[in-house]
Every structure is written in structure tokens, then in C-alpha cells.
Amino acid sequence: MRRVLTNIRRAAGGRFNELAFATIEKTVNTSPLNWRPEIGIAAAAVGRGDPELAALQIALAYDDIESYEVPVSTAGCVYLDGSIIRVSGKSALERNDGFLKLSSSEGAQEFISASGMWVEQRSIPGDDWRIQGLGFSRPRYCIASGHKASSGIFPSVLRNKTVTSPSMSSVDTGGSERVAEIENALALLCDSNAYSGWLSGVVDGILVTPSGTSPGSSSPEFPGLIAVGRDDLGVLRRLEQLVGAACQQYLFQLSLVYALIDAGREEVAYVHSRRSYTTVRRALAAAHEHVNIILLMNEIEKSCDNPGAARVRAERRRVMLMSECNHVLSGSAVLTDEGRYLWDRLIASIE
């Protein structure tokens with residue numbers, strides 16, 4: 001977090017109110033919520049040359065910051081508990097007694113605090129989004145959508161869209177069934193000592209898209225949101241999907257602190273078991289996912305309805321780890337010291 005704040009200040013070059021930004025720094029440096037998905041959005045904004053947008057995003061993320069004003073030179077979007085809000089020009093945040101207002105040249109949107117999250121006061125007639133609250137503290141909500149998230153753009157349906165205020169009315173039948181399946185998977189996750197709070201740092205909301213969407217995905221542009229397909233997967237497969245998307249988020253967070261692969265370098269290796277090529281970057285991400293699923297399946301084996309299936313999934317992931325990742329990463333010359341340390345830790349955790 002300190003690195004992101006330093007980058008925002010450096011990139012801004014004194015272009016916005018130093019006193020107001022000092023309040024942000026003081027708040028986030030003393031908050032127990034310093035590692036939030038919104039940090040990724042702020043970091044991405046700085047990378048695009050929009051430090052004002054990054055500062056506004058950080059201010060939105062922390063309830064202790066009651067007011068903030070910044071001129072957003074380039075129009076962009078900020079994220080607030082499931083809502084994607086477009087802002088530009090002079091942008092002002094006001095927050096007091098369960099009420100929040102965000103104003104800019106794009107207009108003003110008002111939110112109220114409900115069940116620990118900020119929700120828009122008015123719904124949008126005809127909007128095809130529906131929020132269904134989950135029975136767990138995190139992720140806080142699940143959104144069923146009639147749109148398909150296209151590959152390479154995550155998730156396209158969120159572009160310039162705002163989620164409606166939460167409603168416990170049911171979504172379409174397929175979406176409701178998948179939400180129940182997700183809740184069952186999260187219940188299994190909560191039975192794990194090591195993983196019960198594991199999703200809380202990286203997954204804030206789940207987007208349930210139509211069948212045929214990629215198995216599970218996330219994006220640095222929308223940290224805290226993961227997209228999952230509406231196919232009937234079963235609880236264990238759904239759990240693998242959620243863990244895989246969370247693993248992507250964790251690696252993105254880690255990359256904000258350390259470079260795992262030498263800048264500007266990459267290696268390509270042939271994977272005999274798949275008869276295709278992969279890169280060190282992809283192999284490291286796959287290894288991170290395989291190991292976490294192995295450890296989780298081993299732990300929940302006794303508490304799930306089908307312990308044999310959990311055992312088989314763990315062994316399948318172990319085979320994939322050794323056949324698709326081990327030879328690529330063990331001899332890699334492009335892993336940094338931190339990347340090598342991560343790989344060594346992953347292997348040691350299942351030995």
C-alpha cells in the first residue's frame with residue numbers, strides 16, 4: 001500500500017491538494033484494511049498516468065475518509081462495492097452517517113450503507129443486473145448477468161454499467177441455481193482452517209455469466225471481481241473455479257510488491273503432456289493454482305459429501321503440477337529471487 005501511495009504522489013507531481021492526500025495516507029497507513037482489491041485499481045490508474053483517479057479510488061475505499069476532492073483530468077471509472085462509476089473533471093466525495101455522494105462532471109450518484117456495503121439509492125429501470133446477497137461475510141455479493149463476458153475484456157458487461165441496488169428477489173432460474181452452488185462451495189471453504197478467510201483479501205464480488213464463459217477469470221483492471229460461468233459444475237468443481245480465480249488475484253497483488261519474472265524477459269517451454277507450449281509466467285500462475293487446490297482438497301476431504309472425489313481432484317492437480325510446471329520452473333533463468341522463492345515455497349508446501 002505504501003508503494004502505491006508513493007507512486008500516486010510521485011505521478012501527481014503536486015497537481016492535487018496535498019493536505020487532502022495527507023489525510024488519505026494517514027488513514028490507510030493505520031487501517032486494518034490496507035490490502036484491499038481497490039488498491040489494484042489505483043495501481044492500474046497510476047500506470048495509465050491517472051494519479052488523480054487513483055487517489056479518488058483510494059479515498060472511496062476507506063470509510064474513515066469523509067470528504068475528498070480532486071480534479072480528474074482523464075475520464076475513467078472507479079469501483080465501489082459492486083458499482084462501476086464513471087467520473088471526470090472536478091470530482092468530490094462526501095460521506096456522512098451512512099450516506100455517500102460522489103459528484104463529477106459525469107453527474108452525481110448517491111449511496112447508502114446497507115449490510116456493510118454501499119448501495120445506490122435508486123435502481124435503474126430495465127437494468128438486467130440483479131444482486132443476490134451471499135450468506136458469508138466475503139464475498140459480499142453475487143451478480144447474475146444475461147451477458148456473456150468476452151475473452152480478453154473482463155468483464156465487458158461492466159463497462160459503463162452500474163449495478164442496481166441489492167435485491168433479494170430471485171434472478172433468472174439458472175442464475176439462482178448457480179448462486180446456491182457457489183454458496184455451497186463457500187460453505188466448504190469455511191470448513192477449512194487454512195482457507196476459511198483466504199478469499200476475503202481478494203474476492204469482493206462474483207459475476208455469474210452465461211454458460212460457455214471461460215471457467216473462471218479475474219483481471220487487474222477490476223480487482224475484487226471474478227467471473228464464473230453458469231454451467232452446472234458441481235460443488236467441488238465450482239470450488240476449484242473460485243480458488244483458481246482467487247489465485248490470479250493473489251499473484252496480481254504480489255506483483256505490486258515484487259517482480260516475479262525479470263522485466264522484459266520470458267521463456268517458452270514445450271509441455272509434452274499437453275502437446276503445446278507455455279511460458280514461465282503462465283507456468284508459475286498454474287503452479288500457484290494447482291498447489292492451493294491440492295492443499296484445500298486434502299483439508300476438506302473429510303468434510304465434503306464425496307471424499308473420494310476430493311482426493312481424486314487433489315491427485316489430478318499434483319500430476320498437472322509435476323508434468324506441466326515442474327520442468328519449466330525448476331530450470332528457469334528468468335525467475336527473479338522472489339519468483340524463485342515463491343516456486344520453492346509452493347513445492348515445499350506439498351512435500
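Helix α4 (residues 51-61) is largely enclosed by the rest of the structure, because eleven of its eleven residues are buried. The model described here is predicted. The protein contains nine helices and twelve strands, and 51% of its 351 residues are buried.

- The buried residues of α4 are Pro 51, Glu 52, Leu 53, Ala 54, Ala 55, Leu 56, Gln 57, Ile 58, Ala 59, Leu 60 and Ala 61.
- The cover over these buried residues of α4 includes the helices α1 (2-12), α2 and α3.
- Strands also take part in covering α4, among them β1 (67-80), β2 (83-96) and β3 (99-104).

- Helix α3 covers residues 38-47 and contains Ile 41.
- Ile 41 has a relative accessibility of 9% and therefore counts as buried, the cut-off being under 20%.
- Ile 41 and Val 78 are separated by 37 residues in sequence, while their C-alpha atoms are 7.7 Å apart in space.
- Trp 35 is located in the loop between α2 (18-29) and α3.
- Trp 35 counts as partly exposed because its relative accessible area is 34%, a value in the range between the cut-offs for buried (under 20%) and exposed (over 50%).
- Together with Val 257 and Tyr 258, Trp 35 makes a nonpolar surface patch of about 280 Å².

**Helix α8**

- A bend of about 35° occurs in α8 at Glu 324.
- Glu 324 also belongs to the buried residues of α8, which are Ala 310, Ala 314, Arg 317, Met 320, Leu 321, Glu 324, Cys 325, Val 328 and Leu 329.
- The elements covering the buried residues of α8 include the helices α6 (235-255), α7 (280-300) and α9 (337-350).
- The strands β11 (268-271) and β12 (276-279) are likewise included in the cover of α8.

**The protein as a whole**

- Of the contacts between residues at least 6 apart in sequence, 62% join residues at least 24 apart.
- The accessible surface of the protein amounts to about 15,900 Å².
- Carbon and sulfur atoms account for 50% of that accessible surface.

Key. Residues are numbered from 1 along each chain as its sequence is written. This is a predicted model: local features need pLDDT of at least 70, side-chain atom pairs count only at pLDDT 80 or more; totals for chains, interfaces and linings use all residues. Side-chain values use heavy atoms; hydrogens and water are left out. The bend at a residue is the angle between axes fitted to the seven residues ending there and the seven starting there. Helices (H or I, at least four residues) and strands (E, at least two) are DSSP runs, numbered from the N terminus. Buried means under 20% relative accessible area, exposed over 50%, partly exposed in between (1.4 Å probe, protein chains only). Contact means heavy atoms within 4.5 Å. Accessible areas come from the Shrake-Rupley method with a 1.4 Å probe; for residues, only the protein chains shown count as cover. Patches are made of residues with over 30% relative accessible area and no salt bridge: like charges are joined within 9 Å, nonpolar side chains (Val, Leu, Ile, Met, Phe, Trp, Tyr) within 5 Å. A salt bridge is a side-chain nitrogen of Lys or Arg within 4 Å of a carboxyl oxygen of Asp or Glu.
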